[in-house]
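Reader: I have a new model open and would like to go through it with you. Could we take it one question at a time?

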Amino acid sequence: MKKIKYFIVILLIAIIISSIWPITLLQVYVADKGPYENKIIYQTLAKPGELFSVKWIHSVSLRPVIETYKIENDLKISIYEMIFDSFSANLPASPDYNTKWEFHDDYIRVYNYDVSFDAVPVVIGKVVADHILIFRNKSIYLKDIYKPGGYVKIRVVKEKLINYLFEEAFN
């Protein structure tokens with residue numbers, strides 16, 4: 001009987017702590033209008049200061065582009081750098097504002113951006129782009145977790161630990 005009381009007390013303490021303990025999550029959610037709007041299709045633990053990248057193939061130049069972002073303390077997402085090896089439509093063409101450019105033999109690195117987002121928008125490529133979210137050396141192919149041509153956003157949120165555990169257990 002004593003063991004059962006200890007178990008119940010420990011269980012109650014765990015429930016109380018998980019109900020108030022906040023965690024930080026990197027989430028990909030559906031931004032398309034329709035039945036899946038706002039559905040979280042990927043999430044993982046994250047923390048301010050960490051970087052993640054979105055790698056994709058440019059539809060005109062057919063060359064890789066890597067956009068790297070930083071999770072800020074206020075949970076906004078700032079552009080950390082962009083790396084590409086060929087100029088093309090919708091890519092930077094020259095330094096603007098305070099951006100800095102490094103020209104290497106195989107690539108161009110643009111950094112020192114002063115741009116941040118509440119959520120990073122991504123339209124998942126249907127044919128060429130093959131958008132990949134890279135976080136902590138793990139590659140998540142966005143077309144595998146949502147439809148090619150679909151519109152998703154990447155955000156960082158605070159969530160109660162218990163909510164996260166329930167979402168992971170029942171989704």
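Predicted model: local features only at pLDDT ≥ 70, side-chain atom pairs only at ≥ 80, totals over all residues.

Reader: Is E81 buried or exposed?

Author: E81 is found in strand β5, which covers residues 77-84. Its relative accessibility is 13%, and buried means under 20%, so E81 counts as buried.

Reader: Let's move to the surface. Which residues make the nonpolar surface patch of about 710 Å²?

Author: One of them is I20, which lies in helix α1, residues 2-20. I20 has a relative accessible area of 58%, and exposed means over 50%, so I20 is exposed. The nonpolar patch of about 710 Å² is made by I4, F7, I8, L11, L12, I16 and I20.

Reader: Now some backbone angles. What is the phi of N38?

Author: Most residues other than glycine have a negative phi. N38 lies in the loop between β1 (22-30) and β2 (40-45). Its phi is positive although N38 is a residue other than glycine, with a value near 70 degrees.

Reader: And D130: is it buried, partly exposed or exposed?

Author: D130 is placed in the loop between β9 (119-123) and β10 (132-135). D130 also has a positive phi, of about 50 degrees, without being a glycine. Its relative accessible area is 25%, which falls between the 20% and 50% limits, so D130 is partly exposed.

Reader: Finally, the whole chain. What is its radius of gyration, and why is the chain called more spread out than a compact globule?

Author: The secondary structure of the protein chain comes to three helices and twelve strands. For 171 residues the globule rule gives 16 Å, and the chain is well over that, so it is more spread out than a compact globule, with a radius of gyration of 20 Å.

Reader: How much does the C-alpha trace span along its principal axes, and what share of the residues is buried?

Author: Along the principal axes, the C-alpha trace of the protein chain spans about 70 × 35 × 25 Å. Of the 171 residues in the chain, the buried share is 38%.

Terms used: Residues numbered from 1 in each chain as written. Heavy atoms only, no water. Patch = residues over 30% accessible without salt bridge, like charges linked within 9 Å, V, L, I, M, F, W, Y side chains within 5 Å. Areas by Shrake-Rupley, 256 points an atom, 1.4 Å probe, with all protein chains shown as cover. Salt bridge = Lys/Arg side-chain N within 4 Å of Asp/Glu carboxyl O. Helix = DSSP H or I, 4+ residues; strand = E, 2+ residues; numbered from the N terminus. Buried < 20%, exposed > 50% of the residue type's maximum accessible area, 1.4 Å probe, protein only. Rg over C-alpha atoms; globule rule 2.2 N^0.38 Å.
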